[in-house]
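Please have a look at the structure first.

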Amino acid sequence: MPRRRLCVVSDSEERHEHTRAAGQQQGQVDETLRDPYGDPYAPAQRRDRRTLSRRGWTLLLSALLAAAFAAVGFTVSVPYVALGPGPLYDTLGEVEGEPVISFHDEDGEDVADELAHDTSGTLSLTTVSVADDVTMFNALVRWASGEYALAPREQYFRPGVPEEEIREENIAQFENSQSAAESAALGLLGYPTDVFVQEVLPDQPADGVLPANAELLSIEGAPVETVQDVHDELEGSRPGQTIDVTFREHDEDGGEVGDEQSVPLELGERDDREQGFMGVTLSERADVDFTVDFTLADVGGPSAGVMFALAIVDRMTEDDLVGDRHVAGSGEINATGDIGPIGGIGFKIEAADDAGVDAFLVPEQNCAEAAAADPENMVLMEVGSLSEAVDALEAHSAGRDVPTCRE
């Protein structure tokens, strides 16, 4: 009779199986706790993809905020303009194939061959770039570069004034600087000049008595040929005194309108002077049978006058003022040749230094600021009038000492 084999499970094995089963159940419970709404029998890795942890939400919100900040920084403009070095223009050279300064007779024919001479150097006017619609990031980048400065926009674009009107004002200032440069240069060269009423100040003695564009012929019978003649005639006058003024009216194009007229004018008073005051702005215009024309666009303001005047003098004299050197500069000028201060001198000197300019003409009122810019290899020539500027150029070209802003 065959023997039957009896299998008995020992206590230790039974405990082992019980523990293993309990562990499996515990694992299932743990997985269920990690994903209470998921399938307790699904793999934990697949279920974790369905939700974001606190760290994930933090990263997502940070990314969204960064994107919003970037959008604002790159699109929203700040109420500032960025000022920096602008381009240089050679007043003795050409722009787009046309000479910056040309000469024509009354029929419009070019007479440069008769009046002008060749030059060998470079005489550059300098500019300041003004960037508008500056965004937050753009402003920060420009400021951090150290080459630009930020200024309140309202200093350059007056609130409530259309930008087109401001642009027209800048162009008018630029054209007036050309007219003043022509008068100053031709006067220095010895051409006869006439004196015109450039502007009649409102509510002043000449308002309603003298028209704008009137050519002054005499005051109290004394001929008027220069603005200084007018100042000399008023030197001994007193407010309330009546003077006789003889003039001839001209239209905006310079053509004569009507005959000579003599009118009485009662002088007013001003706190800054003892003599009488006419209430007009005067300018000198050369009495010549040719015109000096300027070809330069996209430039505004009055600060190009000095360089235009010097270019006219250099072109119309046989001696080469600049020589083979590169000279730059800036400055307002009036019809009598007085040089006035300008803005942005530091940026203009920086642009000239980058261009390898040998010398820079600085209005005497800007000398302290110019010296602070401290260009290493550039002579800063201090000038107060057109005649001083011509003398400085001649001395510099000859290798002689010149008055500088570093003295």
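The report below takes up the salt bridges, then a loop serine, then strands and a helix.

This is a predicted model, in which local features need pLDDT of at least 70 and side-chain atom pairs count only at pLDDT 80 or more, while totals for chains, interfaces and linings use all residues. Residues are numbered from 1 along each chain as its sequence is written, and side-chain values use heavy atoms, with hydrogens and water left out.

**Salt bridges**

A salt bridge here is a side-chain nitrogen of Lys or Arg within 4 Å of a carboxyl oxygen of Asp or Glu. The whole structure holds 6 salt bridges, including these:

| Pair | N to O distance |
|---|---|
| Glu164 and Arg167 | 3.7 Å |
| Glu215 and Arg248 | 3.6 Å |
| Arg270 and Asp272 | 3.0 Å |

Salt bridges with shared partners join Glu215, Arg248, Glu256 and Glu260 into one network.

To compare their surroundings, we call a residue buried under 20% relative accessible area, exposed over 50%, and partly exposed in between (1.4 Å probe, protein chains only). Glu164 is partly exposed at 44%, and Arg167 is partly exposed at 46%. These two are 3 residues apart in helix α6 (residues 163-188), so about one helical turn separates them. Helices (H or I, at least four residues) and strands (E, at least two) are DSSP runs, numbered from the N terminus.

Glu215 is buried at 8%, and Arg248 is buried at 16%. Arg270 is partly exposed at 34%, whereas Asp272 is exposed at 52%.

**A serine in a loop**

Ser237 sits in the loop between α7 (227-234) and β10 (242-250). With a relative accessibility of 3%, Ser237 counts as buried. A polar atom of the Ser237 side chain lies 2.7 Å from the backbone oxygen of Leu234, and one lies 3.1 Å from the backbone nitrogen of Gly276.

**Strands and a helix**

Strands pair if DSSP finds at least two bridges between them. Strand β7 (residues 193-200) pairs in the antiparallel sense with strand β14 (residues 280-286) over 7 bridges, and Asp194 stands opposite Arg285 in β14. β7 also pairs in the antiparallel sense with strand β8 (residues 215-219), over 2 bridges; there, Val195 stands opposite Leu216.

Among the buried residues of helix α11 are Leu386, Val390 and Leu393. Just after α11, Gly399 takes a positive phi of about 85°.

Definitions and conventions:
A polar contact is a pair of N or O atoms within 3.5 Å; within protein, one must be able to donate a hydrogen and the other to accept it, and residues adjacent in sequence count only if both atoms are side-chain atoms.
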